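Biologist: I would like to go through this structure slowly with you, asking at each step what lies behind the words we use for it.

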Amino acid sequence: MTNIVVLIKQVPDTWSERKLSDGDWTLDRDAADAVLDEINERAVEEALLLKEREGGDSTVTVLTAGPERATEAIRKALSMGADRGVHLLDPNMAGSDMVQTGWALARALGTIEGTDLVIAGNEATDGTGGAVPAIIAEYLGLPQLTHMRKIVVEGGKISGERETDEGVFSVEADLPAIVSVNEKINEPRFPSFKGIMAAKKKEVTTLTLADIGVEADEVGLVNAGSTVLSSTPKPPKTAGEKVSDEGDGGAKIAEYLVSHKII
């Protein structure tokens with residue numbers, strides 16, 4: 001039996017305009033549509049595939065930290081087939097940096113008994129820090145396998161293929177362990193109508209910082225280890241440059257790329 005916890009996050013839809021809040025430059029999460037991050041859908045899918053292959057009494061629990069509306073992301077994962085959800089909901093978490101978030105999630109994981117494997121996406125699309133799984137592993141003293149494109153659980157071990165800019169590596173660790181997956185791991189399923197209806201009845205546990213033994217001064221914007229001092233809006237899109245090909249189009253394109261230091 002493998003009890004799996006999947007770390008998920010609700011993020012602004014990539015098709016919506018993302019804005020920063022005035023004054024503190026935190027992400028304005030109310031200014032855009034909110035969705036379950038796509039890489040988290042793949043993490044949930046991988047957990048469900050592992051459960052289906054193993055059978056028995058394996059369970060899949062999803063864990064998130066976020067505002068009230070993050071419950072929508074939990075329900076999406078439950079509609080895919082996850083068994084239960086855990087929501088770390090506390091106003092003092094607002095503005096927490098990656099280290100603080102990792103610490104709080106590590107403490108929240110301690111409330112979920114019998115966890116053999118933690119699966120996360122390699123990075124969220126809103127912050128793209130890509131460090132939270134490793135931070136949690138460090139706090140919990142667990143082995144970590146990051147940027148995995150294939151995983152296998154067998155005989156109390158997890159193994160698979162880790163993909164980086166340097167190549168593909170075969171890695172292995174004893175369970176319990178923490179794994180982050182990339183976009184090549186699978187194609188997530190679409191929730192069925194039956195799954196959507198069933199998700200409404202599944203258990204979602206809400207935790208506060210007090211429930212996990214974290215003090216308010218250990219998290220939050222005013223206690224973060226990094227501070228944003230200024231912000232410059234992304235420049236508007238401009239029309240591309242059209243190259244007329246009179247037999248020397250290739251040379252003109254090469255000159256353009258060189259002038260912009262692309263090659």
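This is a predicted model: local features need pLDDT of at least 70, side-chain atom pairs count only at pLDDT 80 or more; totals for chains, interfaces and linings use all residues.

Biologist: What makes the length of H1 close to the one expected for a helix?

Modeller: H1 covers residues 38-54, which is 17 residues, and from its first C-alpha to its last it reaches 25 Å.

Biologist: Which residues of H1 are buried?

Modeller: They are Ile 39, Asn 40, Glu 41, Arg 42, Ala 43, Val 44, Glu 45, Glu 46, Ala 47, Leu 48 and Leu 50. To be given that word, a residue must have under 20% relative accessible area.

Biologist: Why is Asn 186 called buried?

Modeller: Asn 186 has a relative accessibility of 10%, and the word applies under 20%, so Asn 186 counts as buried. Asn 186 is found in the loop between strand E10 (177-181) and helix H5 (193-199), and, leaving aside neighbours within four places in sequence, it is in contact with Arg 42, Glu 45, Glu 46 and Leu 49.

Biologist: What makes the pair Asn 186 and Glu 46 a polar contact?

Modeller: The side chains of Asn 186 and Glu 46 are joined at 2.9 Å, and the limit for a pair of N or O atoms is 3.5 Å, with one atom able to donate a hydrogen and the other to accept it. The pair therefore meets the distance limit of the definition, and it is listed as a polar contact.

Biologist: How do H1 and H2 pack, and at what angle?

Modeller: H1 and helix H2 (residues 71-80) pack at an angle of about 35 degrees, with their axes 10 Å apart, and H1 passes H2 in a right-handed crossing. The contact is made by Glu 41, Val 44, Glu 45 and Leu 48 of H1 and by Lys 76, Ala 77 and Met 80 of H2.

Biologist: How many nonpolar, polar and charged residues does the contact of H1 with H2 have?

Modeller: There are four nonpolar, no polar and three charged residues in the contact of H1 with H2. Glu and Lys go with the charged class, while Val, Leu, Ala and Met go with the nonpolar one.

Biologist: Is Ser 79 buried or exposed, and what touches it?

Modeller: Ser 79, which lies in helix H2, has a relative accessible area of 8%; the limit is under 20%, so Ser 79 is buried. Not counting residues up to four places away in sequence, Ser 79 touches Pro 191, Ser 192, Gly 195, Ile 196 and Ala 199.

Biologist: Why is Ala 134 called partly exposed?

Modeller: Ala 134 is in helix H4 (residues 132-140) and has a relative accessible area of 26%. Buried stops under 20% and exposed begins over 50%, so with its 26% Ala 134 is partly exposed. Also in H4, Val 132, Pro 133, Ile 135, Ile 136 and Ala 137 are buried, and what covers the buried residues of H4 includes strand E1 (3-7) and helix H3 (98-109).

Biologist: What kind of peptide bond joins Leu 175 and Pro 176?

Modeller: A cis peptide bond joins them, with omega about 0 degrees, and Pro 176 has its place in the loop between strand E9 (167-174) and E10.

Methods. Residues are numbered from 1 along each chain as its sequence is written. Side-chain values use heavy atoms; hydrogens and water are left out. Helices (H or I, at least four residues) and strands (E, at least two) are DSSP runs, numbered from the N terminus. The expected span of a helix is 1.5 Å times one less than its number of residues. Buried means under 20% relative accessible area, exposed over 50%, partly exposed in between (1.4 Å probe, protein chains only). Contact means heavy atoms within 4.5 Å. Axes are lines fitted to C-alpha atoms, for helices over the stretch in contact, and angles run from 0 to 180 degrees between N-to-C directions. A crossing is left-handed if the near helix is turned anticlockwise from the far one by less than a right angle, and right-handed if clockwise.
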